[in-house]
Amino acid sequence: KHLGDITKINGREVPVVDCVIGGSPCQDVSIAGSKAGFEGKRSVLFFEQTRLVREMREHSEAASGTASPRYMVWENVVGAFSSHKGEDFRRVLEEIARIVEPNAVIPEPPKGKWRTAGCVMGDGWSIAWRVLNAQFWGVPQSRRRIALVADFGGESAPEILFEREGVSGNSEESRTKQEGASGVSAASVGDPVEDCIILDMTHACDVIRECGQRVPTLQARMGTGGNQIPLLFRPVCVGNGQAASATHLTSDVCRTLNCMHDPMAVMEVKPDRDKFIRRLTPLECERLQGFPDNWTDIGEWTGSNGKGHKASANTGRYKAMGNSIALPPWRWVLSRLYKQFGRPATMASLFDGVGGFPLIWNELGGETIWASEIEEFPIAVTKRRFGE
């Protein structure tokens, strides 16, 4: 059920869930945003998320003796690390810690700079964070986001976000430090060039990952006629003008979009005209985020005030996908979190965009009980895809 404006939701009255997941609006802490920090009009909604969790835990503990939710997940842009010289991220950690330990104090990091991965361990609780880049999960774009997990009932947060590479006393089990860019990413560094990859948009194809999952993306070919080379990782432009090779199939890095003309531009060829530059379509943007095809194409829709709307123009779909999450890295995070329950678990979704977190949670076998979103079109998409 969509509960509407989060500022009007009482955590003591909503259905209790096992996990609350949200990506509070990032416009005030992003590089391209207002840089107002967590006091900005949108980003301050993070504190509404922690308020809800606190109220829900207090109510459930009084009613049943067990405080729920046990877990809280937060997603945001990496600009949160440096917003207000690191003070904003310190406040994020402290506010979350105080849900379970009211007098918790989180100190500033050494030299005022937060690492891109870390954890805080308390008395029976834990918080861990890590920057995830979607390109390492088979998504053909570089999209770096903070993934933060709080476990209010144990020490599992770092176990969820981090993987052990080795054990003490057996250093050979650990990987050696990578020197330089990998075979795939090396071709994407440096200045973009005029030699754009020509895209054939008549078909979709799959990016093959080691785990066997497939992410539908653009189909690209380098060359003409019988000399065309199919590219399983879909670049728009290649940084050094080199074609992909079979070695890229075994790499853990996916080529990313990189065009000097327009970040949203692709090169296309029509039989009756020369090659030209065009923008990505909403369908392509959905695939770049790992969503099912036409996820935001919902036709005519009705707003929360009962007003009818025509099918959303591309602008609305672009904005909705830009504010959404890239699904593949979050599937990895939430699958590891979900295993902690050992049973079907419930979730509440906040500021999700277009239902990415409920989509993953439901895939895992869980149930999304309620949600709160901000803008009308994302609310309509979530209602259409999940119903009420």
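How many cavities of 30 Å³ or more does the structure hold? There are three. Keep in mind as you look around that this is a predicted model.

**Stop 1: strand E1**

Select residues 19-22, which form strand E1. Show the side chains of Cys 19 and Ile 21: they point one way from the strand. Val 20 and Gly 22 point the other way. In a regular strand the side chains alternate between the two faces of the sheet. Are these four residues of E1 buried or exposed? All of them are buried.

**Stop 2**

To find your place, look at Gly 22, which stands opposite Trp 74 in E2.

**Stop 3: the largest cavity**

Time to visit the largest cavity, which has about 80 Å³ of space. Select its lining: Glu 75, Leu 132, Ala 134, Arg 143, Arg 145, Ile 146, Ala 147, Ile 325, Ala 326, Pro 329 and Trp 330.

Which elements each supply at least two residues of this lining? Colour strand E5 (144-151) and helix H7 (327-338) to see them. E5 gives the largest share, three residues.

Finally, colour the lining by class: eight residues are nonpolar, three are charged and none is polar.

Methods: Residues are numbered from 1 along each chain as its sequence is written. This is a predicted model: local features need pLDDT of at least 70, side-chain atom pairs count only at pLDDT 80 or more; totals for chains, interfaces and linings use all residues. Side-chain values use heavy atoms; hydrogens and water are left out. Buried means under 20% relative accessible area, exposed over 50%, partly exposed in between (1.4 Å probe, protein chains only). Two strands pair if DSSP finds at least two bridges between them. On a 1 Å grid over the protein atoms alone, a cavity is a set of points where a 1.4 Å probe fits but cannot get out, and a pocket is an open set with protein on both sides within 12 Å along at least five of seven lines; lining residues have an atom within 4 Å of a point. Grid points are joined across faces, edges and corners, and a volume is the space filled by probe spheres set on the points. Ala, Val, Leu, Ile, Met, Phe, Trp, Tyr, Cys and Pro count as nonpolar, Asp, Glu, Lys and Arg as charged, and the others, Gly among them, as polar.
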